[in-house]
Amino acid sequence: MFCCFFCFTEAYDALDPNGNITIKWDIMQWTPDGYVAVVTMFNFQQYRHIQAPGWTLGWTWAKKEVIWSMVGAQTTEQGDCSKYKGNIPHCCKKDPTVVDLLPGTPYNMQIANCCKGGVINSWVQDPANAASSFQVSIGAAGTTNKTVRVPKNFTLRAPGPGYTCGVAKIVKPTKFVTQDGRRTTQALMTWNVTCTYSQFLAQKTPTCCVSLSSFYNETIVNCPTCTCGCPNNASNPGSCVEGDSPYLASAVNGAGKNNYAPLVQCTSHMCPIRVHWHVKLNYKDYWRVKIAITNFNYRMNYTQWNLVIQHPNLDNLTQLFSFNYKSLTPYGGINDTAMLWGVKYYNDLLMEAGPYGNVQSELLFRKDPDTFTFEKGWAFPRRIYFNGDNCVMPPPDSYPWLPNAASQLMSSAAMALFAALTWLLIYV
């Protein structure tokens with residue numbers, strides 16, 4: 001019972017409580033032995049996107065359906081179609097697996113929102129590309145609303161595990177409005193499937209960590225040791241690669257180069273991504289922070305990356321340099337969460353590990369006299385996400401603190417003694 005509760009809470013994202021991917025299946029016309037449908041995946045997650053190598057969608061047929069043809073996508077296997085003579089179906093498997101077509105697909109094989117290699121951007125970052133669609137012609141199925149059976153056991157890999165899909169539910173038919181807005185049509189039948197993300201299911205170890213520093217303390221707080229695993233090339237050869245190793249090129253291009261598993265640079269934390277937060281300057285009415293994101297993964301370019309930060313002073317963010325910004329309000333009127341991402345064609349691509357594998361920006365905040373302080377780590381973020389995954393923060397007792405309070409107390413005592421002596425001299 002505890003395990004079930006733990007998994008459930010891991011799937012809930014407090015900063016995006018309503019985020020999900022909704023799969024909408026619209027039957028558009030009946031055929032002699034089935035129907036033609038348009039399947040669309042809508043990414044309603046504010047900051048979590050599906051990156052290359054893209055989504056993989058699967059399900060189990062309720063009866064003995066086959067896929068006659070597809071537009072905008074394809075199944076990975078045809079299956080056993082030996083009983084068919086003449087026209088051979090596109091797929092005869094009981095549990096087909098569907099992938100998106102690649103960019104550059106001929107126009108006669110495309111429909112709207114298809115053919116992006118399975119990449120779907122997040123809702124806030126790029127709403128125009130937050131959906132993916134394909135058309136499918138189904139045979140050996142029902143030909144009326146009463147005889148069609150809804151598929152079961154939907155699965156979504158994006159690109160690895162992480163999403164859990166619910167059962168398909170029949171809903172009101174989708175309505176479509178023509179471009180001129182003068183006519184409305186509707187699907188013959190529609191069902192929806194909702195898939196939610198769990199970082200715990202996606203990977204057993206974290207994928208990013210946070211390090212901290214400040215102008216008022218020489219201490220640099222690194223990511224916690226072994227955050228994403230421990231470097232151990234002795235017992236586990238190839239677990240990481242030294243940045244100056246002469247064998248770096250062969251390791252990157254060797255076995256597993258097409259594997260989605262990261263090949264990281266050897267560090268104390270072993271994370272593919274590190275986010276560094278530096279409290280840089282203090283002005284009379286403002287204070288300034290520098291953010292740097294470093295990619296330690298030799299096998300991954302992060303396209304359309306994004307960062308989500310939670311900090312109480314984000315409601316007074318005055319200026320941001322070289323990143324895009326969008327305020328998120330997961331708690332109603334409390335404006336303490338922001339989403340940052342790169343500027344298109346400038347720094348929206350976070351290169352793989354190496355000299356160009358980092359992006360950075362600076363944030364300028366206006367001070368709120370009621371809340372602002374550098375004491376007790378207040379200037380550091382409460383939470384940071386990279387590409388929708390929660391980054392591991394250092395323990396709070398290790399944060400760079402203001403200079404020793406004892407020295408401040410001694411300074412105050414000296415000032416009091418000086419004032420007393422001055423008063424005594426004046427009195428005498």
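A disulfide is a pair of cysteine sulfur atoms within 2.5 Å. In general terms, a disulfide is a covalent bond between the sulfur atoms of two cysteines. This structure is a predicted model, in which local features need pLDDT of at least 70, side-chain atom pairs count only at pLDDT 80 or more, and totals for chains, interfaces and linings use all residues. Residues are numbered from 1 along each chain as its sequence is written, and side-chain values use heavy atoms, with hydrogens and water left out.

Start with the cysteines. A search of the whole structure finds eight disulfides. Among them is the bond between C228 and C271, with an S to S distance of 2.0 Å. The torsion about this S-S bond is about 85°, so the C228 and C271 disulfide is right-handed. C228 sits in the loop between strand 15 (217-221) and strand 16 (240-241). C271 sits in the loop between strand 17 (264-265) and strand 18. The pair therefore ties together parts that are 43 residues apart in sequence. Strands here are DSSP runs (E, at least two residues), as are helices (H or I, at least four residues), and both are numbered from the N terminus. C228 and C271 are both buried. Buried means under 20% relative accessible area, exposed means over 50%, and partly exposed lies in between (1.4 Å probe, protein chains only).

Another disulfide joins C165 to C195, S to S 2.1 Å. Its torsion is about 100°, so the C165 and C195 bond is right-handed. This pair also links distant parts of the chain. C165 belongs to strand 9 (residues 163-165) and C195 to strand 13 (residues 189-197), 30 residues apart. Both C165 and C195 are buried.

Now look at C114 and C115. A disulfide joins them, with S to S 2.3 Å. The torsion about this S-S bond is about -70°, so the disulfide of C114 and C115 is left-handed. C114 is buried at 8% relative accessible area. C115 is buried too, at 6%.

Next come the salt bridges. A salt bridge is a side-chain nitrogen of Lys or Arg within 4 Å of a carboxyl oxygen of Asp or Glu. By this rule the count is five. One of them pairs the side chains of D13 and R48, at 3.5 Å from N to O. D13 and R48 lie in distant parts of the chain, 35 residues apart. D13 is in the loop between helix 1 (2-11) and strand 1 (21-31). R48 is in the loop between strand 2 (34-43) and strand 3. Both D13 and R48 are buried.

A further salt bridge brings together the side chains of D95 and K93, at 3.8 Å from N to O. Are these two residues buried, exposed or partly exposed? D95 has 40% relative accessibility, so D95 counts as partly exposed. K93 has a relative accessible area of 23%, so K93 is partly exposed as well.

K280 forms a salt bridge with E362, and their closest N and O atoms are 2.5 Å apart. K280 lies in strand 18 (residues 273-282) and E362 in strand 26 (residues 358-366), so the pair ties together parts that are 82 residues apart in sequence. K280 is partly exposed, with 29% relative accessible area. E362 counts as buried, at 14%. R288 joins in here: K280, R288 and E362 are linked in a network of salt bridges.

Last, turn to a sheet. In general, strands of a sheet pair through backbone hydrogen bonds, either parallel or antiparallel. Here, an open sheet of four strands has the order 5-6-3-8, with antiparallel pairing. Its edge strands are strand 5 (73-75) and strand 8 (152-157), each pairing on one side only. Neighbouring strands of this sheet are turned by 20° against each other on average, direction ignored. Such axes are lines fitted to C-alpha atoms, for helices over the stretch in contact, and angles run from 0 to 180 degrees between N-to-C directions. Two strands pair if DSSP finds at least two bridges between them. How many bridges join strand 3 to strand 6? There are three, between residues 56-60 of strand 3 and residues 97-100 of strand 6, and these strands run antiparallel. T56 stands opposite V99 in strand 6.
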